[in-house]
Amino acid sequence: MSNPQHTVIGKISYTNSWPVFHNFHPSSLSYPAEMVSEVPAILNQGMARGTIHVGALSSFAYAALSDRLLLLPDLSVSADGPVKSIMLFSRVPYTQIGHGRIAVTNTSATSVNLLKILLEKAAGCKPEYVTAEPDLDRMMEVADACLLIGDNAIKATWQDQGYIVTDLGEVWKEWTGHSMTFAVWAVNREAARDKPEAIAEIAEAFVESKVRGVNKLAPIIREACSSVGGTPEYWHGYFSNLCYDFGERQQEGLNLYFRYAYELGLLPQEVKMELWSHNLLTRVKE
């Protein structure tokens with residue numbers, strides 16, 4: 001059990017968030033804190049219950065919990081175009097999938113719902129979705145196309161299996177003209193109220209860690225090469241392509257994603273994004 005005095009910080013284990021977390025050390029904070037690294041589903045539950053006070057979570061998970069959470073400013077995992085790690089593999093162009101079957105991973109609601117928005121709203125398709133373990137060959141045995149994310153998607157793009165590979169970040173940008181945000185940093189509203197100084201220190205430390213990480217990618221690239229594989233050139237391109245800010249451009253794109261998700265019935269309510277600030281709540285401009 002964690003110490004009730006401690007602030008509990010949630011860490012997403014995906015590679016794409018490493019530049020924000022790499023230089024973040026809870027032990028160097030002046031308020032007692034501990035970090036838990038978990039799969040997104042566990043982090044989301046913790047943020048919902050308030051057992052995890054602050055940290056990263058997927059954009060769609062934030063949307064489902066937005067009445068309990070506030071967004072931290074200046075932090076996200078976004079892409080203004082190709083994201084390089086959320087990929088649809090198919091035998092025909094994605095616009096021709098029609099009523100076909102698509103195998104999706106069970107690890108990311110954000111990506112699966114982005115796929116549904118792009119196929120159903122942009123391309124007019126009405127496919128059947130089946131959940132499967134993230135294994136390209138097995139997925140393609142039972143489906144006409146499959147969605148892979150994160151390290152599974154990256155590794156699959158390194159092998160040419162003869163499939164058409166579609167980058168969902170790129171399709172979103174072509175269709176909407178907007179950036180797409182895949183993960184955000186948020187704080188539980190009660191924690192923000194009860195521990196304002198600790199939360200302020202953590203928010204500042206994350207932004208400092210992000211700036212250092214983005215400006216000095218070499219150690220993060222080395223870690224990615226040793227744990228996932230690939231070349232330093234690949235990872236330099238991958239991390240440099242992502243955006244870790246959460247300014248107006250990212251907020252506008254995420255607002256649009258939430259609106260479309262609501263229109264398709266993927267979200268039960270419209271999301272009003274609220275940003276945490278040390279002094280007051282600021283509502284994101286519609």
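The model is predicted: local features need pLDDT of at least 70, side-chain atom pairs count only at pLDDT 80 or more, and totals for chains, interfaces and linings use all residues. Residues are numbered from 1 along each chain as its sequence is written, and side-chain values use heavy atoms, with hydrogens and water left out.

Start with the whole chain. The protein has twelve helices and twelve strands. Both are DSSP runs, numbered from the N terminus: helices are H or I with at least four residues, strands are E with at least two. The C-alpha trace spans about 55 × 40 × 35 Å along its principal axes. The radius of gyration of the protein is 19 Å, which agrees with the value near 19 Å for a compact globule of 286 residues. That radius is taken over C-alpha atoms, and the globule rule is 2.2 Å times the number of residues to the power 0.38.

Next, burial and surface. Of the 286 residues, 52% count as buried. Buried means under 20% relative accessible area, exposed means over 50%, and partly exposed lies in between, with a 1.4 Å probe and protein chains only. The protein exposes about 12,900 Å², and carbon and sulfur atoms supply 49% of it. These areas come from the Shrake-Rupley method with a 1.4 Å probe; for residues, only the protein chains shown count as cover.

A contact means heavy atoms within 4.5 Å. Among contacts between residues at least 6 apart in sequence, 80% join residues at least 24 apart. The protein carries 24 positive and 32 negative charges, and their mean positions are 2 Å apart. Lys and Arg count as positive, Asp and Glu as negative; His and the chain ends are not counted. Each charge is placed at NZ of Lys, CZ of Arg, CG of Asp or CD of Glu.

An α-helix has 3.6 residues a turn, so residues three or four places apart point the same way. Helix α10 covers residues 218-227, and its I220, I221 and A224 are buried. They cover an arc of only 100 degrees around the axis, which puts them on the same side of α10. The arc is that of the directions from the helix axis to the C-beta atoms. The buried residues of α10 pack against α1 (18-21), α9 (196-215) and α11 (232-241). The face turned away from that buried side carries the exposed residues R222 and S226. Just after α10, G229 takes a positive phi of about 110 degrees.

Helix α6 spans residues 150-158, with G150, A153, I154 and A156 as its buried residues. Seen down the axis of α6, these fall within an arc of 165 degrees, so they line one face of the helix. They pack against β5 (86-90), α5 (136-142), β8 (145-149) and α11.

T110 lies in helix α4 (residues 109-122). At 1% relative accessibility, T110 counts as buried. Leaving out residues up to four places away in sequence, T110 touches S58, S59, F60, M180, T181, F182 and Y257. T110 and Y257 are 147 residues apart in sequence, yet 9.6 Å apart in space, C-alpha to C-alpha.

V171 sits in helix α7 (residues 168-176). V171 is buried at 6% relative accessibility. Beyond its neighbours within four places in sequence, V171 is in contact with Y94, L118 and T166.

A192 belongs to helix α8 (residues 189-194). At 12% relative accessibility, A192 counts as buried. Its contacts, neighbours within four places aside, are L70, V187, I199 and W276. A192 and S85 are 107 residues apart along the chain, and their C-alpha atoms are separated by 32 Å.

Finally, look at the backbone of two residues. D74, in strand β4 (residues 69-79), has a positive phi of about 70 degrees although it is not a glycine. D74 is partly exposed, at 38% relative accessible area. K84 is found in the loop between β4 and β5. K84 is not a glycine either, but has a positive phi of about 70 degrees. With a relative accessible area of 30%, K84 is partly exposed.
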